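Here are some questions and answers for a reader new to this structure. Please look at the sequence and the model first.

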Amino acid sequence: MDGYEKLHNYIRGVDSFKNAITLFKSLKNIDTIEVLFSYTISKYNNNQFSKAFENVKEYIPDISIADFNFNIYETSSIYYMNEGQRLKTEDRHALINEFLFLNSLLKKQKSNNIEQKVINKYVELLPLYVNDGRTPLSCSAARSSFFIDPYGNVFPCITWNKKLGNIRDTDYSLKKIVESGNIDDIRRIISEYKCPNCWTPCEAHPSIITNVLTKHINL
Ligand code: SF4
């Protein structure tokens, strides 16, 4: 979900707003499934979350901000295939007011749900990331998670095009790839913030949890 109906359909390039609403409502009826709208913030929908939320509310009257997960628009040559379309610095800086607004809405949620707290922390740190252009917390990629593409290629994360090996060459053993490669160098580069730096939830959420467990931050 990337905006109110007209904006969402424009950004997605297809008329999918109502399909997203229908799917959300169907999945919400299944007790064992936790479902969230994923909302990607970019220069194309900057400062439009309120309008999108009100539009969703017309179809789902009891919708709340806790039904949304937020992302910042990122680029990746191995996952989004949109390298070269990185937002300009001024376009990223222009998003800060929307981040602060979302943070103020999320802060009003008195939830003890860990997943909600992780989402809140992710949004809280977005202005820092946009200001510095640097990942706001020590990243746990290549430790707590890896990215494997559909062809079996293994990377530290969805952003960094740094191939570590192919899982088809190791009898589908990730452990063999990790142990045979230069994983210590990769982890050092990440810890020195010399990787491409990003704040994509796929790795940001595990990184937030890792930083809580190592007592570098609180939720
Ligand atoms: S900060 Fe981003 S680019 Fe760097 S290792 Fe973590 S997920 Fe990958």
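Q: Which residue in β5 is the bridge partner of V154?
A: This is a predicted model, in which local features need pLDDT of at least 70, side-chain atom pairs count only at pLDDT 80 or more, and totals for chains, interfaces and linings use all residues. Residues are numbered from 1 along each chain as its sequence is written. Strand β4 (residues 153-155) and β5 run antiparallel and are joined by two bridges, where strands are DSSP runs of E with at least two residues, helices are runs of H or I with at least four, and both are numbered from the N terminus. In β5, V154 has as its bridge partner G165.

Q: Which are the edge strands of the sheet?
A: Three strands form an open, antiparallel sheet in the order β3-β4-β5; two strands pair if DSSP finds at least two bridges between them. The strands that pair on one side only are β3 (147-148) and β5 (165-166).

Q: Are α5 and α6 roughly parallel or antiparallel to each other?
A: The axes of helix α5 (residues 96-107) and helix α6 (residues 114-132) come within 9 Å and cross at roughly 155°. Axes are lines fitted to C-alpha atoms, for helices over the stretch in contact, and angles run from 0 to 180 degrees between N-to-C directions. Angles under 35 degrees count as roughly parallel, over 145 as roughly antiparallel, 65 to 115 as roughly perpendicular and the rest as oblique. The two helices, α5 and α6, are therefore roughly antiparallel.

Q: How is α6 oriented to α9?
A: Helix α9 (residues 201-213) packs against α6 at an angle of about 110°, with the axes 10 Å apart. This makes the orientation of α6 to α9 roughly perpendicular.

Q: Which residues in α9 do V118, K121 and Y122 of α6 meet?
A: Two residues are in contact if their C-beta atoms, placed from the backbone, lie within 7 Å. From α6, V118, K121 and Y122 meet, in α9, P201, A204, H205, I208 and I209.
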